[in-house]
Amino acid sequence: MSQPLLSVNGVQSFYGPIQALNGVDLEIREGEIVTLIGANGAGKSTLLMTICGNPRARAGKIMFDGMDITNHATHEIARLGIAHVPEGRRIFAHMTVLENLLIGATPTDGTNIEADSQDVFELFPILEERKNQRGGTLSGGEQQMLAIGRALMSRPRLLLLDEPSLGLAPLVVRDIFKAIQDINKSRAMTVFLVEQNAYHGLGLADRAYVMANGEIQMTGTGKELLSNENVRAAYLEGGHSVR
C-alpha cells in the first residue's frame, strides 16, 4: 500500500503549560475525505493548526507526502500544498471577494490566478455575483464559501476544513457539504474535515476519527462510526463525550 499523503505520529502540542494534544496518531491517504469529530475542547482545531505549524508540535512527527514538515514554517507548509480553512472563516472583511481570492493565491507563482478564480466561481456562482462586494457584507454562508474558495486558490493537495457548518442554516449547510464532496470527487482533492455536525461529517467521510481530551479514541469508516452506539449516544443523540 502506498504511503499516506499525511501522517501524524505521536504528536503533542501545548499552549504555554497546557497540553492540548496528547500523542495523536492518524493518517490520510490521497483522494480521501477523512472526518474528525469530538466535543468542544477535544483538541480538533489545535490538531489542524499544529499540522500547519502554529502551534508547533512539541513532540512527535508530521509527515506530508513523505516529507517531515514538523518544524516547517507555516508559509512553507502552505507552499507544499496544505490549505487551511479556519473555524470562523476569518475572511478579510474590508477586502472585496476578488481581493480575498487573490490573497489566497499567495503561495502559488500566480500564473493560474484567472483560471483558478473561475474554478471557484463555478463551484460557488454567488461569489462571482458578489466579486466586487466587500467580504464583510456577505452572509455567513457566502463568507464560508469565500473562505473555502480562498483556500482553493493556493492549489492545495490537502484541504483542511475546520467546522465549515458552524452557525449556518440547514439549507446552507447542505450546499456547503455538497461543495466539499464536489471538491473531493470532481477535483480529486484530499480533504481533512473537522466537524461538530457528526451526522453530516461522518456521512461524507471515507474514514473518520473520534477525538477526546487531546487523544484519538476511536477510528473506522464513516458508516461504521455512524452506526456505533457510543458515537451515536455521544454525538448524534445529545451527548458530549465518548463513553
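Helix H3 passes helix H6 in a right-handed crossing, meaning that the near helix is turned clockwise from the far one by less than a right angle. (Helices here are DSSP runs of H or I with at least four residues, strands are E runs of at least two, and both are numbered from the N terminus.) This is a predicted model, in which local features need pLDDT of at least 70, side-chain atom pairs count only at pLDDT 80 or more, and totals for chains, interfaces and linings use all residues. Residues are numbered from 1 along each chain as its sequence is written, and side-chain values use heavy atoms, without hydrogens and water.

Let's stay with this pair. H3 covers residues 97-104 and H6 residues 140-152. On the H3 side, Val97, Asn100, Leu101 and Gly104 make the contact, meeting Leu146, Gly149 and Arg150 of H6 (contact means heavy atoms within 4.5 Å).

Now look for the largest nonpolar core, which has 33 residues. Such a core is a set of buried Ala, Val, Leu, Ile, Met, Phe, Trp, Tyr and Cys residues joined through side-chain atoms within 4.5 Å, where buried means under 20% relative accessible area (1.4 Å probe, protein chains only). Phe124 is among the residues that touch the most other members. Leaving aside residues up to four places away in sequence, Phe124 touches Met145, Ile148, Gly149 and Ala179. Another core, of 27 residues, lies apart from this one and includes Leu6, Ile62, Phe64 and Leu160.

Finally, visit helix H1, residues 44-51: seven of its eight residues are buried, so H1 is largely enclosed by the rest of the structure. Lys44 and Ile51 are among those buried residues. After H1 comes Gly53, with a positive phi near 95 degrees.

Definitions and conventions:
Buried means under 20% relative accessible area, exposed over 50%, partly exposed in between (1.4 Å probe, protein chains only). Axes are lines fitted to C-alpha atoms, for helices over the stretch in contact, and angles run from 0 to 180 degrees between N-to-C directions.
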